[in-house]
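Q: I'm new to this one. Can you put it up and walk me through it?

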Amino acid sequence: MKRVTISEYLSALDQHPDSTYLWYSQYGDQLELHSHHKGQLTYVEGGVIFLHTEDRSYFLPARHYAWIPAGVRHRFYHRYPSVKVRTIHFDPKRTDDAFFKKMGIYPVNNLLLEMLLFSERWHGDIFPGSKAYDFLNTMKNILPLISLHPLPIALPTTDNIRLRPVLIYIHQHIADDLTLEVLGKAFGFSERTLSRLFKTILNMPFFQYLKLTRIIKAMEHLIKDDLSISEIAYRVGYNSISAFSNTFYSIMGQRPTDFQQLNIAVADEGT
């Protein structure tokens with residue numbers, strides 16, 4: 001397969017409005033915040049990836065895909081050089097279902113996985129009238145039918161000069177005992193003021209933001225690190241394994257051990 005540079009990829013995306021455009025990367029390319037006229041399906045293998053829009057951050061784990069509606073500014077970020085990314089861009093005029101108008105992270109079932117693997121034989125523009133286009137169009141049409149339960153984690157973000165440093169501190173010190181009192185003293189806010197900033201700027205209470213951040217960090221450890229559940233719990237700020245497991249279950253609908261085993265199985269499939 002011919003190596004496509006980032007600049008070639010971005011310039012080629014919207015050159016032919018009626019085509020489906022496929023792009024694969026095995027090199028961990030990082031794109032700046034950008035948008036395009038086609039809807040985007042992105043599936044990741046070999047690592048953990050984060051999807052950022054202008055107001056949200058999404059966690060994209062193994063055996064899941066991201067759907068990004070046409071026109072939404074976004075970028076991907078990851079820490080692992082071995083990430084393999086499959087991206088398919090669909091003509092927005094052919095995506096009328098309400099599903100295609102909303103950002104989401106969804107699990108990949110066996111049917112979709114086989115179709116994604118089969119689509120690796122094509123790259124670049126695929127035009128209407130070809131068998132490849134019909135196959136990819138079928139893949140697109142089944143997405144609303146099989147993608148009924150989006151991953152329930154999306155972190156709000158902001159460039160607000162008062163709150164942004166607090167968010168960075170939380171991510172860098174997630175194992176610490178983080179409270180409104182601790183953070184208020186560190187950044188010169190009263191507890192009431194800091195609580196109000198989270199609710200008005202992020203539209204989320206402080207403790208909900210902290211809980212989601214800890215679970216996202218835990219998911220990253222569960223996928224990438226050979227650590228026990230207790231070690232992961234402590235690394236993300238929980239002193240009780242049961243509290244960690246119950247919180248994880250309340251958000252994800254499965255226990256940390258189940259999530260870990262699923263991704264071990266996915267990794268084994270790729271070897």
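Q: What is the bridge partner of Y58 in β10?
A: A154 is the partner of Y58 there. Keep in mind that this is a predicted model.

Q: How do β4 and β10 pair?
A: They pair in the antiparallel sense, over 3 bridges. Strand β10 covers residues 154-156.

Q: Which residue in β4 is the bridge partner of F50?
A: That's F59.

Q: What order do the strands of this sheet take?
A: The order is β6-β3-β4-β10. It is an open sheet of 4 strands with antiparallel pairing.

Q: Which strands stand at the edges?
A: β6 and β10. Each has a single partner strand, so one side of each is left without a neighbour in the sheet. The twist averages 25 degrees from one strand to the next.

Q: How is β6 joined to β3?
A: By 5 bridges, with the two strands running antiparallel. Within that pairing, I49 stands opposite H78 in β6.

Q: What does α7 touch on the sheet?
A: Helix α7 packs on it and touches β3, β4 and β10. The helix direction makes about 135 degrees with that of β10.

Q: Give me a residue in α7. Is I216 buried or exposed?
A: I216 lies in helix α7. It counts as buried, because its relative accessibility is 6% and the cut-off for buried is under 20%.

Q: What is I216 in contact with?
A: Leaving aside neighbours within four places in sequence, I216 is in contact with F50, F59, I153 and L155.

Q: How far apart are I216 and I153?
A: In sequence, 63 residues. In space, 7.8 Å, C-alpha to C-alpha.

Q: New topic. How much space lies in the largest pocket?
A: About 660 Å³.

Q: What lines the largest pocket?
A: It is lined by 26 residues. Those nearest its centre are H52, S57, T157, R164 and H171.

Q: Which elements give two or more residues to that lining?
A: The strands are β3, β4, β6 and β10, and the helices are α4 and α7. Here α4 is residues 164-172, and α7 is residues 206-224.

Q: How do the lining residues divide, in polar and charged terms?
A: There are 11 nonpolar, 8 polar and 7 charged residues.

Q: Okay, the sheet of 6 strands. What's its order?
A: β8-β5-β2-β7-β1-β9. This sheet is open too, with antiparallel pairing. Its edge strands are β8 and β9, and each pairs on one side only. Neighbouring strands are turned by 20 degrees against each other on average, direction ignored.

Q: How many bridges does β2 share with β7?
A: They pair over 7 bridges, in the antiparallel sense. Y43 stands opposite R86 in β7.

Q: Which strands does α2 lie across?
A: β2, β5 and β7. Helix α2 covers residues 110-118 and runs at about 95 degrees to β2.

Q: And α3, which strands does it lie across?
A: β1, β2, β5, β7 and β9. Helix α3 runs at about 95 degrees to β7.

Q: Where does M115 lie?
A: In helix α2. M115 counts as buried, at 10% relative accessibility.

Q: What is M115 in contact with?
A: Beyond its neighbours within four places in sequence, M115 is in contact with F135, T138, M139 and I142. M115 and M139 are 24 residues apart in sequence, and 7.1 Å apart in space, C-alpha to C-alpha.

Q: Last one, the whole chain. How many helices and strands?
A: 10 helices and 10 strands. Of its 271 residues, 49% count as buried.

Terms used. Residues are numbered from 1 along each chain as its sequence is written. This is a predicted model: local features need pLDDT of at least 70, side-chain atom pairs count only at pLDDT 80 or more; totals for chains, interfaces and linings use all residues. Side-chain values use heavy atoms; hydrogens and water are left out. Two strands pair if DSSP finds at least two bridges between them. Axes are lines fitted to C-alpha atoms, for helices over the stretch in contact, and angles run from 0 to 180 degrees between N-to-C directions. Contact means heavy atoms within 4.5 Å. On a 1 Å grid over the protein atoms alone, a cavity is a set of points where a 1.4 Å probe fits but cannot get out, and a pocket is an open set with protein on both sides within 12 Å along at least five of seven lines; lining residues have an atom within 4 Å of a point. Grid points are joined across faces, edges and corners, and a volume is the space filled by probe spheres set on the points. Ala, Val, Leu, Ile, Met, Phe, Trp, Tyr, Cys and Pro count as nonpolar, Asp, Glu, Lys and Arg as charged, and the others, Gly among them, as polar. Buried means under 20% relative accessible area, exposed over 50%, partly exposed in between (1.4 Å probe, protein chains only).
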